[in-house]
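Subject: The two-chain model, with notes

Hello,

Here is the structure I promised to pass on. Please open it beside this email, and my notes will follow below.

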Amino acid sequence: MARSVALTCVLSLLLTAGLGAQVTADRLRNAESEPHNWLTYSGSYASTRHSLLDQITPSNVDDLELKWVFQARSLENFTATPLVVDGIMYVTQAPNDVVALDAATGRVFWVYEYTPSPESRPCCGRVNRGVGILGDTLFMATIDAQLIALDAVTGRPIWKTAVGEPSQGYAMTVAPLVIDDKVVVGVAGGEYGIRGYIAAYDAATGDEVWRFYTIPGPGEPGNDTWAGDSWRYGGASVWLTGSYDPELNLTYWGIGNPGPDWNPAQRRGDNLYSDSVVALDADTGELRWYFQFTPNDPYDYDAVQIPVLADIETADGQVVKVMLWANRNGFFYALDRTTGRFINGRPFVTVNWAEGLDDSGRPIQTPQAPGEVTYPGVQGGTNWYSPSYNPGTGLFYLSAWENYGAIFEPSSEPEEYRPGQLFLGGRPMPAIPGAAAPPALTRGHVNRWTEAVGNGAVIALDPRTGEQRWKFEMTDMTTSGILTTASDVLFTGGREGYFYAFDASDGELLWRTTLGGVVHNGPMSYQVDDAQYVAAAAGNVLFVFGLRD
Amino acid sequence: MRDSRMRDRRHAGFLALAAAVLLAASGGALRAQEHAGQYEQADIEFGARLYADNCSACHGTEGDAIAGVSLRSGTFSNASSDAELQAVIANGLPDTAMPPGEYTEAELSGLVAFIRTMGDVDPATLTVGDAGRGEAVFLGKGDCLSCHRVAGRGSRSAPDLTDIGAVRSAGALERSLLDPTGSMLPVNRPVRAVTRDGRELSGRRLNEDTFTVQLIDQNERLVSLEKADLQEYTVLTTSPMPSYEDELSEQELSDLLAYLLSLQGVD
Ligand code: HEC
Ligand code: HEC
């Protein structure tokens, strides 16, 4: 007994030394005021993935060197963005282990190991995008659709709540978003005929506070956008962290594809709120507005991208609260985030499924004849790779797949829904003979993927018009997110395994190094003891860079 | 061009097929043939052989030996699209006598092509190549090893064909023999590079990224080049492989195809 008391004393001493104050809801709201930390998946509620740190600049970025490496004990893609809180890094090791490390040295404090139920059946990899934090509690959404709260100091579980039923195809890969005293998550499973939802849980107890179904039920507005019973199995999953505007108290989430994915005839109607962004009251989960990008989608164009919130000055000097969105369907959109009104939009890659957008932002669809190539292909013009907005340059940056198409083959007959089974309604085929076909979406062997299939690019857009300002083309595709900093450095990666630094103002390549694996996560930046670090994962390894001492 | 080739081959008696099938097979562009509704002679022929070996014992040579199932009718209770048909053949039908089978993509394409055209074709009239004779053509008259390699023998300058029968459909292989340039896959495009100091390299691309390219050069060496060091870098769209359309007889082509389809990799 005496011994354990002594131990507790020592521990608490260490704690005060190692950990700063608790991460309060206010700190999350004002994350910009502590740029040495990275407190949410996208760095702040506005999800700009823009760091205010400026020690690494275009002129010294050449002096970057590898500081430390964390090798995940996992063969899954490393899609997590780490959090850093006052010198401690929290990151997930796929599928669902949580690791706390010293952010300056990479030394591990603890590992929490979780074994998901064998019933879990995510469509596209047993990945995880990271944790959320409130106070000194961490929150992780698991591949078997559980939400787990952990003590950030000890790595021991506090509570576990079932968010969905894994055997029915419900899964979670999302990094939770903490707002006030609630933890908000959404469910994946759009390939299994789920009915998607976003739900908020009490951070202290794990009790559900509200739930918003991404497909309206009978009697609710929008249910009639699904023919017959198709709403029951319509997918509309959620697998990427949303954003939050504290002034409006609205939280914004991108919603996935309708199901079955490739047979729109089996679910006639617009299929709300699939392929939409929804704005929910953060206290109640009530829908305030929605904007649908791709009605009655036959292409699997999930609107699962990060809602980027920016305050932009228009030509006439007015500051408008906007939401910037480069969609998987190949169009860039600027929306008024107070009302959901469409401001402008235009394609950022070759698009032939629609000839344009009407005044309300609705696409004027031009379906291609059977056997013809649709642009963009099934993976989209962009996807879940985090974009960035840099208020310094005023530019919006995204990772794009250019000149990339697919041939869509809907099933001739309706597909029967079977609980927990794939519910696809057809298949997408590669437009280029010999190219990797879904579901083998990654390149696999070297040289299975050539310039004929398309190319990756970093694109800088002027959000006022959607016009391209600069572009860097890669040979292979990119699935990397983008980080910008206050010193106008842009960090990103790609499938080729390079990690790059560009001048954010003009796209000049400033520095690159090879990490020998696909960069799947969004780079992030933080500071410990006066030193700025940049972290990026490639393959299943996290690499952390800093300036030469 | 393609149409006349097909007609020539019919005259030559390479495959005695019903006119309806020929028209269907010759009507589409290369890309369309990779998709539902179009079946190539070579796939039908390959499928016929597989059907005889694996299916006819239960379904009968006419495809109607099982009560309530007529494979030749073109309508199925368990499948409508080709993809679904492939799934039934690969996975079998649970709780029935229809067994699952381990077939490659090429074999599934062949089986589907054959079943889909059974109603129009008399299987007895299909001429089937002989893999043993085909190997002789491959080693001898065709001189394929002067460019290609199979199980450690031959040149490395063209793609290794050790498992080509497992990864390509019969139709695709036939097109490679008759029209190498027209059927060349993007991954197989030869490249030519000239370095700043005037060194010329031609070869087969193994890999490429934004800044570098890796290849097997004309001397069968592995070379890695920085694009910034090159004064020329071209990806060619014509194949160095000759067409065998006029070089080999219909029977030899048919045998060669049977041999290529037998190349299933090393265990
Ligand atoms: C051991 C006997 C057996 C073999 C061998 C067999 N089948 Fe079958 N197959 C059946 C039976 C029995 C059925 C009907 C099952 C039922 O629905 O009751 C069937 C059904 C099918 C069907 C579905 C028909 C429909 O109307 O939906 C297809 C297609 C088919 N078989 C193709 C093949 C092919 C191609 C092969 C060879 C690769 C093959 N089968 C080999 C016994 C067999
Ligand atoms: C002069 C060199 C040369 C000769 C001789 C040659 N080939 Fe080729 N072959 C190539 C090259 C280069 C390619 C890759 C470019 C292309 O697809 O045309 C190729 C491609 C192929 C392909 C397609 C490979 C794929 O991945 O789909 C097949 C099949 C093939 N050859 C078979 C043969 C056979 C059989 C012979 C002999 C009858 C032969 N080739 C003779 C050079 C040659």
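Helices (H or I, at least four residues) and strands (E, at least two) are DSSP runs, numbered from the N terminus. Please keep in mind that this is a predicted model: local features need pLDDT of at least 70, side-chain atom pairs count only at pLDDT 80 or more, and totals for chains, interfaces and linings use all residues. Residues are numbered from 1 along each chain as its sequence is written, while chains are lettered from A and ligands numbered from 1 in the order in which they are written.

Let me start with the loops of chain A. A:A94 and A:P95 are linked by a cis peptide bond, with omega about 0 degrees. A:P95 sits in the loop between β4 (88-93) and β5 (97-102) of chain A. Another cis peptide bond links A:Y375 and A:P376, with omega about -10 degrees; A:P376 lies in the loop between β24 (363-365) and β25 (388-390) of chain A. A:D529 is not a glycine, yet it has a positive phi of about 45 degrees. This residue belongs to the loop between β35 (524-528) and β36 (531-538) of chain A. A residue is buried if 20 or more other C-beta atoms lie within 10 Å of its own, exposed if 12 or fewer, and partly exposed in between, with C-beta atoms placed from the backbone. A:D529 counts as exposed because it has 8 C-beta neighbours inside 10 Å.

Next, the sheets. Two strands pair if DSSP finds at least two bridges between them. In chain A, 4 strands make an open antiparallel sheet in the order β7-β8-β9-β10. Its edges are β7 (132-134) and β10 (157-162) of chain A; each has a single partner strand, so one side of each is left without a neighbour in the sheet. From one strand to the next, the twist averages 20 degrees. (Axes are lines fitted to C-alpha atoms, for helices over the stretch in contact, and angles run from 0 to 180 degrees between N-to-C directions.) Within this sheet, β8 (residues 137-141) and β9 (residues 146-151) of chain A run antiparallel and are joined by 5 bridges, with A:T137 opposite A:D151.

Further along chain A, β29 (residues 455-462) and β30 (residues 467-473) pair in the antiparallel sense over 6 bridges, and A:D462 stands opposite A:E467. The hairpin of β29(A) and β30(A) has 4 residues between the strands, and A:G466 takes a positive phi near 80 degrees there.

Now to chain B, which has 12 helices and 7 strands. Of its 267 residues, 33% are buried. An open antiparallel sheet of 5 strands runs in the order β6-β5-β4-β3-β7 in chain B, and the twist averages 40 degrees from one strand to the next. β3 (residues 190-195) and β4 (residues 200-208) of chain B are joined by 5 bridges, and B:R192 stands opposite B:S202. B:E220, in the loop between β5 (212-217) and β6 of chain B, has a positive phi near 60 degrees though it is not a glycine.

How do α8(B) and α12(B) cross? The axes of α8 (residues 131-139) and α12 of chain B come within 7 Å and cross at roughly 100 degrees. The two helices are therefore roughly perpendicular to each other (angles under 35 degrees count as roughly parallel, over 145 as roughly antiparallel, 65 to 115 as roughly perpendicular and the rest as oblique).

Finally, the ligands. A residue is near a molecule or strand if its C-beta atom, placed from the backbone, lies within 6 Å of it. Ligand 1 is surrounded by 23 residues, the closest being B:C55, B:C58, B:F76, B:N78 and B:M98. The shell around ligand 1 divides into 17 nonpolar, 6 polar and no charged residues. (Ala, Val, Leu, Ile, Met, Phe, Trp, Tyr, Cys and Pro count as nonpolar, Asp, Glu, Lys and Arg as charged, and the others, Gly among them, as polar.) Around ligand 2 there are 25 residues, of which B:G142, B:C144, B:C147, B:A158 and B:S239 come nearest. α10(B) gives the most to that shell, with 3 residues.

Best wishes
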